[in-house]
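Thanks for coming, everyone. Please have a look at the model on the screen before I start.

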Amino acid sequence: MREYGPNRVEEVVREPTIVRFLKEFTHFFALILWLAAALAFLAEWSDPNQGMAKVGYAILIVIVVSGLFSFWQEFRVERTLAALRKLLPQQVDVMRDGSVTRLPAEQLVPGDIILLEAGSSIPADCRLIEAFGVQVNNATITGESLSKLRNAEASKAERIINAENILLAGTSMVAGEARAVVFATGMHTEFGRIAHLTQTARQVTSPLREQVAHLSRLIGVIAVVIGAVFFAISRVIGLPFWEGFIFAIGIIVAMVPEGLLPTLTLALVLATQRMAKRNVLIRYLPSVETLGSTTVICTDKTGTLTQNRMAVKRLSLGANLDCVPNTPERDDISRRYRAFFLTAGLCHDLRESRQNGKPVLFGDPMELALVETATRFLPEVPASEKLDEIPFDVARMRLSTVHATPDGPTLYCKGAPETVLPLCGRILCDSGVCSFDAGSLSRIRQMQETMAEEGLRVIALAYRPLASEWDREHLEEDLIFAGLAGLEDPPRPEVRTALQTCRDAGIRVIMITGDHPYTARAIGREIGLFRTDDPLVITGEKLASLSDTQLRLALDTPEVLFARVGADQKGRIVEALKQKGHVVAVTGDGVNDAPALKSAHIGIAMGVSGTDVAKEAADMVLLDDNFASIVDAVEGGRTIFDNIRKFLTYILAHNVPELVPYLVFSLFSVPLGLTPIQILSIDMGTDSLTALGLGVEKPDPGIMKRPPRSQRQRLFDWSLALRAYFFLGAIEAAIAMTAFFFVLHGGGWHYGQALSNQDPLYLQATTACFSAIVVLQIVNVFLCRSPTRSIVATGILGNPLIWGGVMLEIALVLLIDYTALGNFIFGTAPIMANVWLLLIPFAVGMLGLEELRKFILRGWRATKA
């Protein structure tokens with residue numbers, strides 16, 4: 001490591017932090033504010049003592065605070081995403097000091113011997129020293145999409161990228177298994193030299209972010225139009241040019257939700273942090289929002305719905321012996337059917353490591369269970385050199401290995417009975433080896449179905465002695481059938497509840513598995529996936545014969561199961577569901593699952609059993625391979641959409657009480673109820689911490705009782721606009737103007753009387769209007785915690801961020817109202833206690849009206865249901 005450095009490609013130099021910092025102060029809305037501030041100072045210079053300088057300074061403060069807040073949020077987003085990526089570093093099996101160790105890929109150095117298998121990402125440039133059926137995808141280096149064969153023989157190629165015994169960093173192994181010696185790492189690899197970053201994330205524009213950006217632009221245009229109208233009105237009623245212009249700028253500043261985009265991004269990132277604590281790693285932020293629209297989950301069985309803790313529960317040996325692994329006749333059976341247990345003990349791709357000085361095997365749980373059974377009957381499975389291998393893949397559904405034995409080379413084969421039995425011409429029996437007749441085949445198939453109906457995963461084992469030299473293309477011919485092994489993989493205990501949650505949430509779950517249909521159906525019934533006795537079962541063979549139209553019609557069946565399906569067929573199922581208008585989430589762990597993972601709206605890779613290729617193709621990774629974690633993620637996706645609508649309602653509601661004083665001032669002979677600088681203080685006091693608190697609200701208790709939201713549902717729709725602008729906003733405006741006129745009339749003002757900007761009565765009246773809006777926004781933040789649930793149900797506790805924002809607002813309003821500095825900067829004056837007493841019943845009234853609205857809405861929805 002000291003000599004060669006970490007095995008990673010250095011990241012492209014990013015924009016300097018100072019440049020990204022300055023950009024927060026030079027975007028479109030910031031430039032408008034800079035111009036407004038400059039004009040305010042120009043107005044003060046041309047007509048001193050009119051308060052324009054204070055407006056200019058206030059706008060500068062808004063620019064600085066807003067810029068700092070946005071930069072802090074973006075910086076926090078980057079740090080959080082970087083921390084999440086470290087939860088799933090690339091790991092590699094390395095042989096050091098005679099044993100296999102699993103290490104982060106960054107720790108590789110030249111000279112290390114690494115072990116690779118199908119689905120592995122190649123972590124460094126390396127030379128093959130042992131290879132069985134190796135195929136690699138070099139598209140990231142050469143651009144070729146077709147996989148290439150690789151072997152351990154010396155190559156005469158002139159260029160390293162064409163050498164058949166070389167594996168290049170950044171590529172992936174799509175088939176086979178191999179050992180290779182590392183000769184180049186990090187920036188010294190071909191991958192490093194062409195500066196193609198493995199860490200590059202997909203630059204996907206989030207649909208939700210697009211909606212928010214569109215909404216911000218729309219509000220910005222409306223604000224400019226309204227500002228221009230008010231400027232024209234100010235000229236008509238005879239206001240000075242500069243004063244009217246600043247009023248217009250104040251309106252624009254008040255209406256534009258500048259912090260909406262960074263608040264949205266931070267809310268999404270905080271949601272990903274919560275999901276990570278629940279074993280869901282979100283790789284791309286847009287997938288968080290898509291989760292909330294999911295209508296179908298296509299899931300594997302093994303390891304996702306089940307525990308992936310295999311144990312052999314039943315054996316069918318040779319022609320007719322049915323037994324269990326703990327049979328008392330173990331010694332006799334092991335002698336008569338030794339070939340079966342040798343096949344179980346030798347035909348595997350397990351790796352050996354050392355723990356406490358003892359050799360330990362690790363790898364596929366199914367293979368571990370078979371080896372354990374073999375050692376139970378054969379105390380010592382003889383060491384045997386592996387001479388050749390035909391690797392397992394989803395098309396073959398079997399694995400064959402050739403070993404050196406005392407009797408000469410022997411091929412051992414195991415796999416799905418459908419693929420192994422047709423290769424067998426003989427069968428193991430009590431007298432030795434017998435011919436494989438139709439009666440024996442019928443009994444074996446019956447035993448297979450019996451095991452499968454018990455929910456067992458059935459594996460067929462066979463073998464064949466070989467000549468000293470063999471033809472690899474004809475290895476798997478005339479095999480001797482040795483028997484069947486039935487393995488139990490218990491369902492995860494939490495899956496039944498998770499499936500019921502999906503059913504309540506209107507989400508359909510479809511099992512797609514490579515297992516036998518009977519096994520899959522038995523497990524499906526046990527976990528509650530199937531509630532009928534006869535779900536539609538479509539095997540891979542049947543699926544291949546269906547047209548696209550027939551497949552879509554089959555998917556209309558309430559309960560459907562896909563069994564003995566290959567990974568390539570999984571992608572076809574996903575496409576059919578998408579064509580039917582579903583939002584599809586699909587799980588996968590193998591290299592051949594990558595196309596389906598990319599095709600689905602949400603690709604979900606397994607963090608424990610998944611290959612590197614599957615993880616790189618996925619939008620999210622289950623750190624515990626648990627189906628229940630998918631359901632948790634869907635709940636999180638729904639929650640984030642709801643929360644964004646909550647803080648959007650909250651932010652937009654106070655626009656109305658800020659605009660109404662200008663409308664009243666323009667149409668009637670009354671003083672202006674709210675000054676531009678007071679509007680700015682409201683925005684900076686209410687649009688930050690409390691809004692963010694709404695963005696991280698806990699899920700609504702009934703969120704998984706609702707059907708999935710339509711992808712066509714807009715973030716800003718008529719229901720939100722009516723509630724924010726014409727209900728909550730209108731109530732706030734009426735109460736704020738009531739407080740304004742209450743102070744004016746209490747001070748002896750009469751209609752049509754003009755007041756100067758420095759008149760103590762005017763200062764107190766605008767302070768009352770300003771304070772009323774702040775008080776009502778404090779009430780409003782608790783009302784916005786749910787659009788339908790009563791405040792009695794939501795409560796006022798449970799969200800410390802909201803209470804932090806409320807404390808900040810109270811501190812600000814007291815500072816602005818009752819300190820000399822606050823009075824000077826914001827043009828306020830201390831108000832009497834009777835104003836606060838006036839606001840209390842009005843605030844309670846606002847609470848009561850919103851509670852009445854929610855009560856009526858709940859009743860209306862109940863009648864519709």
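This is a predicted model: local features need pLDDT of at least 70, side-chain atom pairs count only at pLDDT 80 or more; totals for chains, interfaces and linings use all residues.

Residues are numbered from 1 along each chain as its sequence is written, and side-chain values use heavy atoms, with hydrogens and water left out.

Sheet first. It is open, with eight strands in the order β8-β26-β25-β24-β9-β21-β23-β22, and the pairing is mixed. Strands here are DSSP E runs of at least two residues, helices are H or I runs of at least four, and both are numbered from the N terminus. Two strands pair if DSSP finds at least two bridges between them. Which strands stand at the edges? They are β8 (280-282) and β22 (536-539). Each has a single partner strand, so one side of each lacks a neighbour in the sheet. From one strand to the next, the twist averages 20 degrees.

Now look at β21 (residues 508-512) and β23 (residues 560-563). They pair in the parallel sense over two bridges. I512 has F562 of β23 as its bridge partner. Helix α16 (residues 517-527) packs on the sheet and touches β21, β22 and β23. Contact means heavy atoms within 4.5 Å. The direction of α16 makes about 140 degrees with that of β23. Axes are lines fitted to C-alpha atoms, for helices over the stretch in contact, and angles run from 0 to 180 degrees between N-to-C directions.

Next, helix α23, residues 655-667. Ten of its 13 residues are buried, so the rest of the structure largely encloses α23. Buried means under 20% relative accessible area, exposed over 50%, partly exposed in between (1.4 Å probe, protein chains only). Among the buried ones are P657, Y662 and F665.

Finally, salt bridges. How many does a search of the whole structure find? The count is 32. The criterion is a side-chain nitrogen of Lys or Arg within 4 Å of a carboxyl oxygen of Asp or Glu.

Take R564 and E418, with closest N and O atoms 2.8 Å apart. R564 lies in the loop between β23 and α19 (567-579), E418 in helix α13 (residues 417-420), so the pair ties together parts 146 residues apart in sequence. R564 is buried at 15% relative accessibility, while E418 is partly exposed at 32%.

R645 and D717 form another salt bridge, at 3.3 Å. R645 counts as buried, at 16%; D717 is partly exposed, at 21%.
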